[in-house]
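Open the model in your viewer and keep the sequence panel beside it. This tour moves from one selection to the next.

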Amino acid sequence: MKKDHTIEYKYAKAKKKVEKIKGFYVHLIVTVLIIPVLIFINLKFVPSYHWFYYPIIGMLIGVFFHWLGVFGIEKIGLGKDWEERKIKEFLESNNNGR
């Protein structure tokens with residue numbers, strides 16, 4: 001009974017993670033498709049002022065934070081064990097310096 005509960009829990013957790021990853025990729029694809037449209041609209045109707053930079057920067061910031069939320073801060077090297085590794089590194093460097 002407990003084993004089935006654990007398997008179901010792990011399956012539900014994995015399914016939720018896959019849905020988050022899928023959502024991120026949809027967000028990324030939509031962003032990539034909208035950028036040229038914004039550039040076209042801007043250059044077609046108001047070529048003297050390039051305002052398309054502002055929404056593009058905003059969308060890319062949104063994609064970055066979505067990526068960070070889905071894949072986690074571990075991808076940039078600041079995961080759960082980062083503090084522990086740094087503490088060990090400092091302790092080892094202090095012991096070698098004696």
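Helices (H or I, at least four residues) and strands (E, at least two) are DSSP runs, numbered from the N terminus. This is a predicted model, in which local features need pLDDT of at least 70 and side-chain atom pairs count only at pLDDT 80 or more, while totals for chains, interfaces and linings use all residues. Residues are numbered from 1 along each chain as its sequence is written, and side-chain values use heavy atoms, with hydrogens and water left out.

**Stop 1: the whole chain**

Select everything and colour by secondary structure. The protein chain has three helices and zero strands. From the N terminus on, the order is α-α-α.

Now colour by pLDDT, the predictor's confidence in each residue, from 0 to 100. The chain averages 87, and 87% of the residues score at least 70.

Accessible areas come from the Shrake-Rupley method with a 1.4 Å probe; for residues, only the protein chains shown count as cover. The total is about 8500 Å², and 67% of that belongs to carbon and sulfur atoms.

Next, burial. Buried means under 20% relative accessible area, exposed over 50%, and partly exposed in between (1.4 Å probe, protein chains only). Of the 98 residues in the chain, 12% are buried.

Then contacts, meaning heavy atoms within 4.5 Å. Take those between residues at least 6 apart in sequence: 52% of them join residues at least 24 apart.

**Stop 2: Thr 31**

Select Thr 31, in helix H1. Buried or exposed? Thr 31 counts as buried, because its relative accessibility is 4%. Show its surroundings. Leaving aside neighbours within four places in sequence, Thr 31 is in contact with Met 59, Leu 60 and Val 63.

**Stop 3: the aromatic rings**

Show the side chains of Phe, Tyr and Trp. Rings (for Trp, the six-membered ring) pair if their centres lie within 6.5 Å; planes under 30 degrees apart count as stacked, over 60 as edge-to-face and the rest as tilted. By this rule there are seven aromatic pairs.

Pick out Phe 24 and Phe 71. Their pair is edge-to-face, with 5.6 Å centre to centre and 85° between the planes. Phe 24 lies in helix H1 (residues 2-45) and Phe 71 in helix H2 (residues 53-71), so the pair ties together parts that are 47 residues apart in sequence. Phe 24 is buried at 6% relative accessibility. Phe 71 is partly exposed, at 21%.

Phe 24, Tyr 25, Phe 64, Phe 65, Trp 67 and Phe 71 form one aromatic cluster.

**Stop 4**

Lys 17 counts as partly exposed at 37% relative accessibility. Not counting residues up to four places away in sequence, Lys 17 touches Val 70 and Phe 71. Lys 17 and Val 70 are 53 residues apart along the chain, yet their C-alpha atoms are separated by 7.8 Å.

The side chain of Lys 17 reaches the backbone oxygen of Val 70 at 2.5 Å.

Move along helix H1 to Lys 22. Lys 22 is exposed, with 59% relative accessibility.

**Stop 4: Asn 42**

Stay on helix H1 and select Asn 42. How accessible is Asn 42? Its relative accessible area is 0%, so Asn 42 is buried. Beyond residues up to four places away in sequence, Asn 42 touches Pro 47, Tyr 49, His 50, Trp 51 and Phe 52. Zoom in on the backbone nitrogen of Trp 51: the side chain of Asn 42 reaches it at 3.0 Å.

**Stop 5: the salt bridge**

A salt bridge is a side-chain nitrogen of Lys or Arg within 4 Å of a carboxyl oxygen of Asp or Glu. How many does a search of the whole structure find? One.

Select Lys 86 and Glu 89, whose side chains meet at 3.5 Å, N to O. They are about one helical turn apart, because they sit three residues apart in helix H3 (residues 82-96). Lys 86 is partly exposed at 27% relative accessibility. Glu 89 is partly exposed at 41%.

Conventions: Polar contact = N/O pair within 3.5 Å; in protein donor to acceptor, adjacent residues only side chain to side chain.
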